[in-house]
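This report describes selected side-chain contacts and secondary-structure features of one protein model. The sequence and structure are shown first.

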Amino acid sequence: MRGRRPRQGRRGRRAGAPGPLDEGLAGQALTAGERATVTDNAGLIRLWARKEALIKRGELTLDRLREVDLAQVGEGPRFEWQGRHFLELTTAEGVLVTIVTDRFARWAAVE
């Protein structure tokens, strides 16, 4: 809604805000392989957004986050993993969006 502040996380910061790694969230969401590659909150949120895209497709659930290892898929903005095509966008404001499709996808300008 207009004029409302974003919801604050456990420690008073927005999800996705830069800063040190949230070890609690990393322990709940990341595999051992992913955890070895993530050093800060931005890396954690990137992997979280990728997994969230799979959840929205019905291919993953919150209680199975640690069963899917996306550590080796590389950096965006475009990559493939197990036949799925991912596309990432980070806005100037730092908002990260990840989509997953069955076919190659690309961003297109909307006028």
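The side chains of Glu 34 and Lys 51 form a salt bridge, with N and O 2.7 Å apart; the term denotes a side-chain nitrogen of Lys or Arg within 4 Å of a carboxyl oxygen of Asp or Glu. Glu 34 belongs to helix 2 (residues 32-37) and Lys 51 to helix 3 (residues 41-56), so the pair ties together parts that are 17 residues apart in sequence. Helices are DSSP runs of H or I with at least four residues, strands are runs of E with at least two, and both are numbered from the N terminus.

Glu 34 is buried at 0% relative accessibility, and Lys 51 is buried at 1%. Buried means under 20% relative accessible area, exposed means over 50%, and partly exposed lies in between (1.4 Å probe, protein chains only).

## Basis of the values

The model is predicted, and local features need pLDDT of at least 70, side-chain atom pairs count only at pLDDT 80 or more, and totals for chains, interfaces and linings use all residues. Residues are numbered from 1 along each chain as its sequence is written, and side-chain values use heavy atoms, with hydrogens and water left out.

## A network around Glu 59

The count of salt bridges comes to 9. Arg 57, Glu 59, Arg 84 and Asp 102 are linked in a network of such bridges. Glu 59 is partly exposed at 26%, as is Arg 57 at 32%.

Glu 59 also forms a salt bridge with Arg 84, the closest N and O atoms being 2.2 Å apart. Glu 59 is in the loop between helix 3 and strand 1, whereas Arg 84 is in strand 2, so this pair ties together parts that are 25 residues apart in sequence.

Strand 1 and strand 2 (residues 84-90) run antiparallel and are joined by 4 bridges; two strands pair if DSSP finds at least two bridges between them. Arg 84 in strand 2 stands opposite Trp 81. The hairpin has 2 residues between its strands, and Gln 82 takes a positive phi near 50°.
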